[in-house]
Amino acid sequence: MDELVRRLSAEGQKTAAGGPAPSVEDFRRRVAEKGYVFIKFTDTAGGTDLGVRVDAVASDLSGADFARGVGSVHIEGTLTLNLVKVRCVTDIELPSLTGTGHLVLSEEAVTAR
């Protein structure tokens with residue numbers, strides 16, 4: 001398995017809303033309207049900012065009040081990292097736009113090995 005994928009697959013990795021200018025409003029717009037967010041794994045050298053296609057069924061926004069910038073969201077979505085198909089699973093706290101998460105090998109990646 002790719003070393004970066006292996007490392008980010010350990011549960012409890014520090015994450016943050018990523019992208020060029022993270023804000024609660026930008027995060028809300030990306031999740032709700034675009035269905036595509038940036039999640040940054042902050043404990044790698046320089047951080048690893050990943051573009052994640054949001055899985056609306058597996059994600060949960062019910063704990064968030066985006067207008068007030070409080071609460072938390074559970075985001076799940078897919079991406080390919082270093083040629084490995086993975087699912088990103090993270091919980092983000094809106095006030096700080098930080099949280100914890102990890103990567104999970106997708107079923108396709110597991111069966112292709």
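## Exercises on a predicted model

The structure holds eight salt bridges, a salt bridge being a side-chain nitrogen of Lys or Arg within 4 Å of a carboxyl oxygen of Asp or Glu. This is a predicted model, in which local features need pLDDT of at least 70 and side-chain atom pairs count only at pLDDT 80 or more, while totals for chains, interfaces and linings use all residues. Residues are numbered from 1 along each chain as its sequence is written, and side-chain values use heavy atoms, with hydrogens and water left out.

**Exercise 1. Find the salt-bridge partner of Arg30 and describe the setting of the pair.**

Step 1: Start from Arg30; its salt bridge is with Asp26, and the closest N and O atoms are 3.1 Å apart.

Step 2: Helices here are DSSP runs of H or I with at least four residues, strands are runs of E with at least two, and both are numbered from the N terminus.

Step 3: Check accessibility. Arg30 and Asp26 are both buried; buried means under 20% relative accessible area, exposed over 50%, and partly exposed in between, with a 1.4 Å probe and protein chains only.

**Exercise 2. Trace the salt bridges that Arg87 makes with Asp55 and with Glu76.**

Step 1: Asp55 and Arg87 meet through their side chains at 3.0 Å, N to O. Asp55 sits in the loop between strand S3 (48-54) and strand S4 (64-65) and Arg87 in strand S6 (residues 84-93), so this pair ties together parts that are 32 residues apart in sequence.

Step 2: Arg87 also meets Glu76, at 3.3 Å, N to O. Here Arg87 in strand S6 is paired with Glu76 in strand S5 (residues 70-81), so the parts tied together are eleven residues apart in sequence.

Step 3: Compare the surroundings. Asp55 is partly exposed at 23% relative accessibility, Arg87 is partly exposed with a relative accessible area of 23%, and Glu76 is buried at 16%.

**Exercise 3. Classify the ring pair of Tyr36 and Phe38.**

Step 1: Recall the rule: rings of Phe, Tyr and Trp (its six-membered ring) pair if their centres lie within 6.5 Å, and planes under 30 degrees apart count as stacked, over 60 as edge-to-face and the rest as tilted.

Step 2: Apply the rule. The count comes to one aromatic pair. Tyr36 and Phe38 make it up, with 5.7 Å centre to centre and 85° between the planes, hence edge-to-face.

Step 3: Tyr36 is partly exposed at 28% relative accessibility, and Phe38 is partly exposed at 23%.

**Exercise 4. Work out how strand S7 is paired with S1 and with S6.**

Step 1: Strands pair if DSSP finds at least two bridges between them. Strand S1 (residues 13-17) and strand S7 (residues 98-105) run antiparallel, joined by four bridges; Gln13 stands opposite Gly101 in S7.

Step 2: S6 and S7 also run antiparallel, with eight bridges, and Val86 has Leu105 in S7 as its bridge partner.

Step 3: Look at the turn. S6 and S7 form a hairpin with four residues between them, and Leu97 in the turn has a positive phi of about 55°.
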